[in-house]
Amino acid sequence: MSSNDQMSDIQHTPRRSSPLLVHAICGVLALAGSMGSLAQSDNQQETEELASLMQRHDGVGRTLEDFFVASMEFSPRLEIAEEQMNIGTARREAANGQLFPQVSASASISDNRQERTGGAPVDYRGERYAVQLRQVLFDWRVFARRGQAYAVENQYEALYYAELAAHLSDVAERYFDVLQAQDALESSRAELEAVNNQLAQIERMHDLQMVQVTDLYQAQAQASAVAAEQVYLSSELELAKEALRSATGLAVGELYTLQDTTELPQIDGSLEEWVSRARANSHQIQARQYAVEAADERVSERRGNYMPQVSLVLQQQRSDLGFDNTPMARTDTGYVGLDVSIPLFAGGSNRAAVREAISQQNIARNELRQVHLDVSEQTRFAFLRLQAAERQIRAAEALLESRELSARARRRGFELGTVTTVDVLESVRDQFVAERDLQQIRYDYIRLLLNLQRDAGTLSPDDLIDISSRLQPSE
């Protein structure tokens, strides 16, 4: 299978596998059409239509799919990548057009005045009409430009899908940033409630002179500290919501959440398997491979300046003018011929152009090599971090369970007088810190999984829908 066929399979599989991407891409194309119509209207109409376009995004998003679809229409980066892809298609069509017959027509009508020695001036009108067809038979530069245009088109297409994968993973990360901030705030509220309950118990015991006033002050300070932390967490939640809204254009509603009992997706394959997938599927690598192909064709094009150019020329002309516009009887002339042009000397410019193209070719090859190294490194790091996060989740679950037991034991010990207030408050604090740490690690695991799939070039809407299906409506 050729590299073009492989690229086509990789690019079109996500569209067939999920209706989400079809819906989203249709939205992008519809937006592109509306933007094209804006370019043809006056300034007032542009302002009105742009305002109408922005109103489409004034809704409220709740599910991960809501934000995906909205962001596909909203993202300027995706619009830029798509237009670059359209540029590549236009250049390919233009290069192909150079291989088809080129037809031109010309017409000349002139008023002439001829003065002869010893004779009276003669005024006359002349007409000349011609239609010419030129067909390239051999021009190495045209052939090389055609191959270069195909490579550039494929490069832009690969860059579009790389941008699409990066964009979808970014939206997902922003979505989970909001969920993490919400969970942290809820955990802090639960901690404040637990501390207030403990504070109320200490106040009753202080009224009965069963605890010292320092214990009361310690509990009040702890409650104030948790309340202050809530202010910070509330601001973090608002910032996370704003980041999600700015990327999608949707206001953030009651999001679907990741429950504590939700099973996270598992890693399939070994480290080397993921690195092999990245080398085979990474859109960044594919884009650089096509860039190398384009650079090779550019060198070939420059060397074509040394080769002859052969064209077939067919021409039909009607004229009543001769050499130097002298009058003559009207003639109809048909012409069929071969136009052969052989370059002999261009002052060294052709040689310089070849050297420049070779340098650009070497740069493209080294950029491809660097992208190979970068993608392999990113994939390895993402896989190892994901494995570490998987182990950290199990350790954090065990730690949370032990700290919950410790907190209950210390509260019971405090009631029996064997544990101090400081010990109880510390155990409560440790319990909720462990809870928030577990929440963060679970969200980090999902982010790392998305990054791994993105870097490996395997991230598809099906993967995102699988993660979205694990989320549940807010209670």
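Start with the salt bridges, of which a search of the whole structure finds 24; a salt bridge here is a side-chain nitrogen of Lys or Arg within 4 Å of a carboxyl oxygen of Asp or Glu. Side chains of opposite charge can pair when their charged atoms come close. The model is predicted, so local features need pLDDT of at least 70 and side-chain atom pairs count only at pLDDT 80 or more, while totals for chains, interfaces and linings use all residues. Residues are numbered from 1 along each chain as its sequence is written, and side-chain values use heavy atoms, with hydrogens and water left out.

Select Arg436 and Glu229, which form a salt bridge with the closest N and O atoms 3.7 Å apart. This pair links distant parts of the chain, since Arg436 lies in helix H11 and Glu229 in helix H7, 207 residues apart; helices (H or I, at least four residues) and strands (E, at least two) are DSSP runs, numbered from the N terminus. Arg436 is buried, with a relative accessible area of 11%, where buried means under 20% relative accessible area, exposed over 50%, and partly exposed in between, using a 1.4 Å probe and protein chains only.

Next select Glu242 and Arg245, whose closest N and O atoms are 2.8 Å apart in another salt bridge. Both residues are in helix H7, 3 residues apart, and are therefore separated by about one helical turn. Glu242 counts as partly exposed at 38% relative accessibility, and Arg245 also counts as partly exposed, at 34%.

Then select Arg380 and Glu272, whose side chains meet in a salt bridge at 3.1 Å, N to O. Here too the pair links distant parts of the chain, with Arg380 in helix H10 and Glu272 in helix H8 (residues 271–281), 108 residues apart. Arg380 is partly exposed, with a relative accessible area of 28%, and Glu272 counts as partly exposed at 43%.

Finally, turn to the largest pocket, which holds about 620 Å³ of space. A pocket is an open set of points on a 1 Å grid over the protein atoms alone, where a 1.4 Å probe fits, with protein on both sides within 12 Å along at least five of seven lines, and its lining residues have an atom within 4 Å of a point. Of the 23 lining residues, select Gln182, Asp183, Glu186, Thr257 and Leu258, which are the closest to the centre of the pocket. The largest share of the lining, 6 residues, comes from H6.

Definitions and conventions: Points joined across faces, edges and corners; volume = space filled by probe spheres on them.
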